[in-house]
Amino acid sequence: RLCLTNVRANPTSRFEEMDESREPAERCSRSSPQTSADRAARLSKWLTQDGRFLAGNRELLDQFCAKVIEAGVPLSRSWLHIRTLHPEFAGVSRVWRRGMQTEERFLDFGFETWPAYVNSPVRHVVEERKPCRWRLNDGEPLPFPVLEEHRAAGYVDYAIAPMIFSDGRVNAISWATDRPGGFSDGDLRLFEEILPTYSTVV
């Protein structure tokens, strides 16, 4: 249970934090003056009224990330892992990066045995069914190679959460930022509050 080792649960969200270096007042000072509930309500409205009619999930992820940024979240990267019912592929992953074209990768059957998946935060949250968060800029060792790669790429904060579909499939979505200081508590609450609606339209 990697996220539970030397971890203090964030009292304002279900994301579990692995860094205690900042004081609560410092974290709160970076939160948006809008409440996370207000921002989540607007995003939910867009998802249910507009987002669900987009041509496909790649475009949905593109526009969803743009809306999240408009809501004041310093999002730099998002990664979506979805299992499918396709006869040729077991799943698909989509990677959005700010200012770049979204990448789409199809996953072969048996991907669950690949070392890249076995030793990943995706497998961890899919199995634990709990959101996790790692700060990447404190110099501490990280539990997964991909987190070290994100650190080397300049990201400073990483959060990931499971998405549980009505048919029982467990998927995952992650968010990363390169903003000094990382995500605020309000940003994490927004991710948590918008996730149920996003899961219904993916």
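**Legends to close-up views of a predicted model**

**Figure 1. The protein chain as a whole.** Of the 202 residues in the protein chain, 47% count as buried. The model shown is predicted. Its protein chain holds 7 helices and 8 strands. Where contacts link residues at least 6 apart in sequence, 56% of them join residues at least 24 apart. The accessible surface amounts to about 9,800 Å², and carbon and sulfur atoms account for 53% of that area.

**Figure 2. The largest pocket.** This pocket has a volume of about 530 Å³. Two or more lining residues come from each of strands S3 (77-83), S4 (91-97) and S5 (103-107), and likewise from helices H4 (115-118), H5 (121-128) and H6 (145-152). Helix H6 provides the largest share of the lining, with 4 residues. In total, 22 residues line the pocket, and Trp79, Arg105, Ala116, Ser120 and Val146 lie nearest its centre. Sorted by class, the lining comprises 12 nonpolar, 6 polar and 4 charged residues.

**Figure 3. Strand S7 and its partner S6.** Strand S6 (residues 132-135) pairs with S7 in the antiparallel sense over 4 bridges. Within this pairing, Arg133 has Ala159 of S7 as its bridge partner.

**Figure 4. The hairpin of S7 and S8.** Strands S7 and S8 (residues 170-177) run antiparallel and are joined by 8 bridges. Asp157 has Thr177 in S8 as its bridge partner. The hairpin has 5 residues between the strands, and Gly168 adopts a positive phi near 95 degrees.

Notes:
Residues are numbered from 1 along each chain as its sequence is written. This is a predicted model: local features need pLDDT of at least 70, side-chain atom pairs count only at pLDDT 80 or more; totals for chains, interfaces and linings use all residues. Side-chain values use heavy atoms; hydrogens and water are left out. Buried means under 20% relative accessible area, exposed over 50%, partly exposed in between (1.4 Å probe, protein chains only). Contact means heavy atoms within 4.5 Å. Accessible areas come from the Shrake-Rupley method with a 1.4 Å probe; for residues, only the protein chains shown count as cover. On a 1 Å grid over the protein atoms alone, a cavity is a set of points where a 1.4 Å probe fits but cannot get out, and a pocket is an open set with protein on both sides within 12 Å along at least five of seven lines; lining residues have an atom within 4 Å of a point. Grid points are joined across faces, edges and corners, and a volume is the space filled by probe spheres set on the points. Ala, Val, Leu, Ile, Met, Phe, Trp, Tyr, Cys and Pro count as nonpolar, Asp, Glu, Lys and Arg as charged, and the others, Gly among them, as polar. Two strands pair if DSSP finds at least two bridges between them.
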